[in-house]
Amino acid sequence: MGRLFSRLSPQALRVLGLLLVLSAVVLFFSTQIPNYLNGRLFNRISSSVAILAIIATGQALVILTRNIDLSIGSVVGFTAFATGSLISNHPDMAPVLLVLCAMVMGAAFGAINGVLVAYVKIPAIIVTLATLALFRSFLVEFSNAKSITSSELPQWLVTFPNTVLLRFGQFQLRAGFVVAVIVVIIVHIALTRLRPARKFYAVGSNPEAARMAGINVKATVFAAFVIAGALAGLAGFMYLARFGNITVVAGLGFELKSVAASVLGGVNIFGGSGTVLGALVGAVLVDLLDTSLVRWDLVSEFSREAVLGALILLSVTADAVLMRRLLNIRMARDKKRAQDASTTEGPEP
Amino acid sequence: MMQKLRSWEGLLAFALLLIILYNTAFVPQYFTVSNQINLFHLSIEKIIVALVMTFIIINAAIDLSVGSIMGLAACAFGFLFQSGMPAGLAIPIVMVIGGLAGALNGYFIAHVGLPSLVVTLATLIGYRGLARVLVEDRSITDFPDWFDALGQLGLIGPIPFAFFAFIFLFLVLFVVLHKSAFGRKTYAIGINHDVAHFAGIDTAAHTMKLFVASGLVAAFAGLLYAARVGAVRGDVALGFELDIITLVLLGGVSIFGGSGTLVGTLMAVLIVLNLRNGMALMNITGHIQTGVIGVLLIGSVVVARLRLPAFLAPKAIQGRTQ
């Protein structure tokens with residue numbers, strides 16, 4: 001056990017631990033709520049987590065580079081509204097073009113954040129705090145006090161997120177969830193296997209060392225914000241498709257939920273470590289608790305935020321304590337090895 | 001003197017003067033006593049919390065949970081009052097709840113060693129959840145007359161109680177931050193936590209005190225909100241934390257800690273209030289107003305860079321400028 005514990009990477013351990021928590025939560029609620037553990041639970045969670053998972057992936061990228069994007073909810077709201085009015089004015093528009101428009105719009109917002117953070121060198125928390133308000137005011141101005149209703153949208157868009165691609169008995173694999181999983185997998189593979197994407201980790205672990213190693217730190221941070229913006233744009237499109245009715249408050253609160261999902265998923269808030277797979281599992285956990293506590297008779301449905309807050313605190317505490325212990329174990333082991341190597345003739349007392 | 005005028009606070013004062021002059025000249029009904037009081041009254045809870053937030057950010061930490069503590073305090077008050085407790089007894093209990101909420105933040109930050117951003121993000125969600133558990137989706141009203149009057153009527157002439165509370169708190173905190181050892185420790189920890197620790201400052205205890213103070217003041221502000229509005233719901237003060245932090249940062253407090261002044265925060269408060277008030281009187285909606293404040297926030301950092309290259313200098317130098 002100890003060997004396994006020290007051989008796995010901390011990140012893998014983290015995701016494994018989270019999966020354990022996830023199954024414990026499911027098991028617990030299956031004893032509490034009748035007809036809980038079935039295909040419908042999977043269908044429900046998978047279709048509601050899709051949006052948050054995409055946003056959390058972008059957020060995780062930004063956090064990896066030692067930054068934070070608080071404007072992401074406003075970007076989701078704006079792109080949802082803008083793509084909605086675009087498609088209702090041009091109902092014949094090709095779906096791919098619409099998605100592309102949403103992502104380009106989001107990327108443009110991300111670029112504004114990125115320029116201010118990477119090149120003007122204003123701390124990300126200040127920039128995105130300001131653009132959180134600013135982008136929302138763009139939306140208010142743009143919407144002109146109107147809202148989008150699902151009756152204005154073409155049929156393909158409204159049915160898209162719930163289209164069943166594959167079916168195993170009760171389990172349905174819906175298009176919205178598949179899109180989210182594909183995004184997460186692409187970003188994950190890029191981050192673990194591709195050289196340009198490894199730069200995010202390098203910049204986050206030590207910007208100074210990354211710069212000396214020849215990495216363009218500014219461009220990397222800028223890219224993280226642009227990608228996060230583009231993903232928020234995609235999420236805006238998904239939001240439009242899923243809810244249909246868009247007002248000026250669309251996407252409010254996603255910034256904190258996405259940070260919560262990333263942090264739960266083991267992305268270090270100080271940058272440099274974490275995985276988007278973790279962020280996905282974090283998003284699932286956030287959503288699972290949200291959905292399950294509503295159905296639990298024993299506590300009022302209003303307790304779900306309180307439980308979620310406690311869970312985040314618990315998880316980061318456990319993380320900090322376990323990491324410290326893990327580091328100590330490894331340091332002790334390395335020290336012992338070094339000692340063994342240097343004193344091969346005499347036995348140690 | 002010249003040095004003072006060229007400081008960040010001097011620049012803010014100049015901007016404030018411009019806004020006031022503009023409003024007086026072009027906005028009807030701006031320069032009236034009732035509007036001037038109204039201007040403070042509508043945001044009094046936020047600007048009270050901003051004073052303690054100045055300490056927290058100078059200490060190189062952040063408290064995102066203040067809006068939720070305000071909500072929790074208001075809801076706890078409504079809950080206790082509705083279950084038959086006299087308001088006079090409920091108020092101290094609510095203050096204790098606020099202090100405990102702050103102490104919980106402080107414990108995880110100072111003693112477990114977690115980043116304040118993460119801890120207070122979790123409690124931002126958690127305390128809001130507790131508030132919602134207490135009042136669910138009801139709205140609690142019918143508080144005693146004296147309680148409502150305290151929030152809504154003038155205490156001396158047309159000036160309400162909350163305004164005096166703000167002035168009093170400002171004066172006390174000004175002395176604490178700029179004239180006491182406690183204030184110097186706050187700067188020292190903000191400039192370099194480890195050095196402050198090795199210099200013999202009990203950094204954990206200090207951070208703990210600041211977060212308890214933040215919780216107490218947020219609870220007080222939550223009560224003021226309940227009194228002013230005369231009703232309590234689960235979403236009291238939702239999202240206030242971002243407005244409050246914006247006020248402090250606009251006032252020239254560095255997000256990295258170690259520099260900034262309470263006068264700067266006061267200036268930023270006056271600027272934001274006058275700007276919002278002028279825009280509101282010109283029928284500009286709240287979301288657009290917030291957007292303008294956002295531009296101002298970014299602009300303030302950019303201008304600081306352009307004007308004073310010394311702002312980029314090591315933080316130790318910034319810390320000494322007061």
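## Terms and model

Helices (H or I, at least four residues) and strands (E, at least two) are runs assigned by DSSP and numbered from the N terminus. This is a predicted model, in which local features need pLDDT of at least 70 and side-chain atom pairs count only at pLDDT 80 or more, while totals for chains, interfaces and linings use all residues. Residues are numbered from 1 along each chain as its sequence is written, and chains are lettered from A and ligands numbered from 1 in the order in which they are written.

## Where the chains meet

In the contact between the chains, 39 residues of chain A are in contact with 37 residues of chain B, two residues being in contact if their C-beta atoms, placed from the backbone, lie within 7 Å. On the side of chain A that touches chain B, at least two residues each come from α6 (124-143), α12 (254-264) and α14 (304-342) of chain A, and α6(A) gives the most, with 13 residues. The residues of this side of chain A divide into 29 nonpolar, six polar and four charged, where Ala, Val, Leu, Ile, Met, Phe, Trp, Tyr, Cys and Pro count as nonpolar, Asp, Glu, Lys and Arg as charged, and the others, Gly among them, as polar.

## Helix pairs in chain A

Helix α2 (residues 10-32) and helix α13 (residues 276-295) of chain A have axes that come within 10 Å and cross at roughly 15 degrees, the axes being lines fitted to C-alpha atoms, for helices over the stretch in contact, with angles from 0 to 180 degrees between N-to-C directions. That angle makes α2(A) roughly parallel to α13(A) (under 35 degrees counts as roughly parallel, over 145 as roughly antiparallel, 65 to 115 as roughly perpendicular and the rest as oblique). The crossing of α2(A) with α13(A) is left-handed, a term used if the near helix is turned anticlockwise from the far one by less than a right angle, and right-handed if clockwise. Among the residues that make the contact are Arg14(A), Leu18(A) and Phe29(A) of α2(A) and Leu277(A), Val281(A) and Ser292(A) of α13(A); by class, the contact of α2(A) with α13(A) has 13 nonpolar, four polar and one charged.

Helix α5 (residues 95-119) of chain A packs with α6(A) at an angle of about 150 degrees, their axes 9 Å apart, and α5(A) and α6(A) are therefore roughly antiparallel to each other. Here α5(A) passes α6(A) in a right-handed crossing. The contact involves residues including Phe109(A) and Leu116(A) of α5(A) and Val127(A) and Phe135(A) of α6(A), and the contact of α5(A) with α6(A) consists of seven nonpolar, three polar and no charged residues.

## Helices of chain B

In chain B, the axes of helix α2 (residues 8-26) and helix α14 (residues 262-281) come within 9 Å and cross at roughly 20 degrees, so that α2(B) and α14(B) are roughly parallel to each other; the crossing of α2(B) and α14(B) is left-handed. Trp8(B), Leu12(B) and Ile19(B) of α2(B) are among the residues that make the contact, as are Met267(B), Ile271(B) and Leu275(B) of α14(B). The residues of the contact of α2(B) with α14(B) divide into 13 nonpolar, four polar and one charged.

Arg174(A) is found in strand β2 (residues 171-174) of chain A and is buried, with 20 other C-beta atoms within 10 Å (a residue is buried if 20 or more other C-beta atoms, placed from the backbone, lie within 10 Å of its own, exposed if 12 or fewer, and partly exposed in between). The C-alpha atoms of Arg174(A) and Ser47(A) are separated by 6.9 Å, although these residues are 127 residues apart along the chain.

Gly274(A) lies in the loop between α12 and α13 of chain A, and Gly274(A) is buried, with 27 other C-beta atoms within 10 Å. Not counting residues up to four places away in sequence, Gly274(A) touches Gln11(A), Ala60(A), Leu64(A), Gly266(A), Val267(A) and Asn268(A). The C-alpha atoms of Gly274(A) and Arg14(A), 260 residues apart along the chain, are 9.0 Å from each other.

## Positive phi in chain B loops

Ala60(B), in the loop between α4 (44-58) and α5 (66-82) of chain B, has a phi near 65 degrees, a positive value in a residue other than glycine. With 22 C-beta neighbours inside 10 Å, Ala60(B) counts as buried. Phi of Asn283(B) is also positive, near 65 degrees, and Asn283(B) lies in the loop between α14 and α15 (286-307) of chain B, where Asn283(B) counts as exposed, with 6 C-beta neighbours inside 10 Å.
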